[in-house]
Amino acid sequence: MPAVGLDFGTTNSALGVADGDRAVLARFPHKAGLSDTFRSILYFHPELRERSGRLGVVGGGRAIDAYLEADGSGRLIQSLKTYLADRGFQATNIFGTTFSLGELMKRLLVDIRARAEEQFGDLGARIVVGRPVTFASASTEEHEALAIGRLRSSLAAAGWSDVVFELEPVAAAYYYESTLDHDETVLVADFGGGTSDFSLIEVGPSYRAGKARSILGTEGVGIAGDALDARIMQHLVAPRLGAGSSYRSMFGMELPVPIWMYKHLNRWHHLSFLKSKKNIDMLEEIVSQAENPAPLAALLHVLDYDLGYHLYRAVERVKVDLSTNERAHFAFSEPPLVIDADLARAEFESWIADDVAEMAACVDRLLAKTGARPENVDRVFMTGGSSFVPAVRRIFDERFGREKIRAGGEMISVATGLALRAREETGR
């Protein structure tokens, strides 16, 4: 049977199959062509039905294509991985149909498998699947066990009944190891959408040849790319949608606009939770009583036309631009919401300072736990989208020296490493 590795990510997923000493990645179709990654997203539309009449669904990049072609109507579901450890999230209602978290996960995994089998043929029942060091929202061992149990059940429902879990930063180490002609002690920093994970591990040809592998230590924190995006939304976008403003109640009292509404802005796909008749009616009433109604009317417009995805594309663009430039331009034009603003990297870094400090503290815990000193670490291998953020890279520059930093495979290192790990499991 094939040696299969699956990186099931908060934002993107990837699947690899080991062939000899290398791993081949599945290629997933969407309107722009083929991609090595599968967007971890589902799209539902009330007119999209299966033969049985049940509400249909589209996954991956094709889900975004369908959403855009429908002018933003329908419902996008994303970041399912962040809810795995959350006992409070059991199900959600989508156009009158209740879907459990397990059913949503199953549909996503079935789509990933179906697209990959178009390329590789039958993938069998055995798979090595990545997991974070600490799941998002997990604060106890019980939460961790819940997340693993939910993920295992969903994988079984998609046809993978024989599952081996491997830590994502350890999987990334397998990817890095495949490039080496000598042994090293490497600190792997893997930055996903929901978690940042770190491992200190010995890698190299000796370990590929069968020497007992030593994982010296692992640590993780539930802060990553999504959290950095949320800071831009919180500081740059939300004030232009009425955050921090006030209105007069029917009794003449001046009241703040409810802050809970803006917490949903921290994740673009949460905006759909605001779009209920009760919330829209409340917001329309607030607009009619607001001292400055224009920003709140803009928020209504965002909800009415499901513009959350488009807003976050603008957020993502400015974050990427700030990785290579000291200043970047944030542009979004969907009247009445028009944002045309410059953003300095220094200001962005002030917004994310607490998040970066928590990442740095996590790295320091790993070093303290393992007793390793920076001079004992031969290389630092950084992977994942947030590894490009200069403030994040400085964590490692300052501790280990820039000359030790290596990077690569930002979107596919974990899936590739998992496939190589699967080959090791099968003895090939």
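This is a predicted model: local features need pLDDT of at least 70, side-chain atom pairs count only at pLDDT 80 or more; totals for chains, interfaces and linings use all residues.
Two residues are taken to be in contact when their heavy atoms lie within 4.5 Å. Leaving out residues up to four places away in sequence, threonine 37 touches Asn12, Ser13, Phe28, Met411 and Ile412. Its place is the loop between strand E5 (33–35) and strand E6 (38–39).

Strand E7 (residues 41–44) pairs with E8 over two bridges, in the antiparallel sense. In one of these pairings, leucine 42 has glycine 59 in E8 as its bridge partner.

Strand E15 (residues 196–203) and strand E16 run antiparallel to each other and pair over six bridges. Across this pairing, phenylalanine 198 stands opposite glutamate 219 in E16. Strand E16 (residues 215–221) is largely enclosed by the rest of the structure, because five of its seven residues are buried.

Then there are the helices. Helix H4 (residues 168–177) packs against helix H15 (residues 413–426), with the two axes 7 Å apart and at an angle of about 80 degrees. That angle makes H4 roughly perpendicular to H15. On the H4 side, the residues that meet H15 are Glu168, Ala171, Ala172, Tyr174 and Tyr175. They face Ser413, Val414, Thr416, Gly417, Leu418, Leu420, Arg421 and Glu424 of H15. Sorted by class, this contact of H4 with H15 has seven nonpolar, three polar and three charged residues.

Alanine 419 counts as buried, because its relative accessibility is 0%. Setting aside neighbours within four places in sequence, its contacts are Ala3, Val4, Gly5, Gly16, Val17, Ala18 and Ala23. As for aspartate 181, it is 238 residues from alanine 419 in sequence, and the two C-alpha atoms are 20 Å apart.

Serine 288 is part of another helix, H9 (residues 277–289). With a relative accessible area of 49%, serine 288 is partly exposed, because the exposed class begins over 50%. Its side chain reaches the backbone oxygen of glutamate 285 at 2.6 Å. Between serine 288 and arginine 152 there are 50 Å in space, C-alpha to C-alpha, and the pair is 136 residues apart in sequence.

Most residues other than glycine have a negative phi, and most peptide bonds are trans. Phenylalanine 95, however, has a positive phi, near 50 degrees. This residue sits in the loop between strand E10 (91–94) and strand E11 (97–100). Phenylalanine 95 counts as partly exposed, because its relative accessibility is 38%. Serine 137 has a positive phi too, near 75 degrees. It is found in the loop between strand E12 (126–131) and helix H3 (141–157). Its relative accessible area is 52%, so serine 137 is exposed.

The peptide bond between proline 335 and proline 336 is cis, with omega at about 15 degrees. Proline 336 belongs to the loop between strand E19 (327–334) and strand E20 (337–344).

Methods. Residues are numbered from 1 along each chain as its sequence is written. Side-chain values use heavy atoms; hydrogens and water are left out. Axes are lines fitted to C-alpha atoms, for helices over the stretch in contact, and angles run from 0 to 180 degrees between N-to-C directions. Helices (H or I, at least four residues) and strands (E, at least two) are DSSP runs, numbered from the N terminus. Angles under 35 degrees count as roughly parallel, over 145 as roughly antiparallel, 65 to 115 as roughly perpendicular and the rest as oblique. Ala, Val, Leu, Ile, Met, Phe, Trp, Tyr, Cys and Pro count as nonpolar, Asp, Glu, Lys and Arg as charged, and the others, Gly among them, as polar. Buried means under 20% relative accessible area, exposed over 50%, partly exposed in between (1.4 Å probe, protein chains only). Two strands pair if DSSP finds at least two bridges between them. A polar contact is a pair of N or O atoms within 3.5 Å; within protein, one must be able to donate a hydrogen and the other to accept it, and residues adjacent in sequence count only if both atoms are side-chain atoms.
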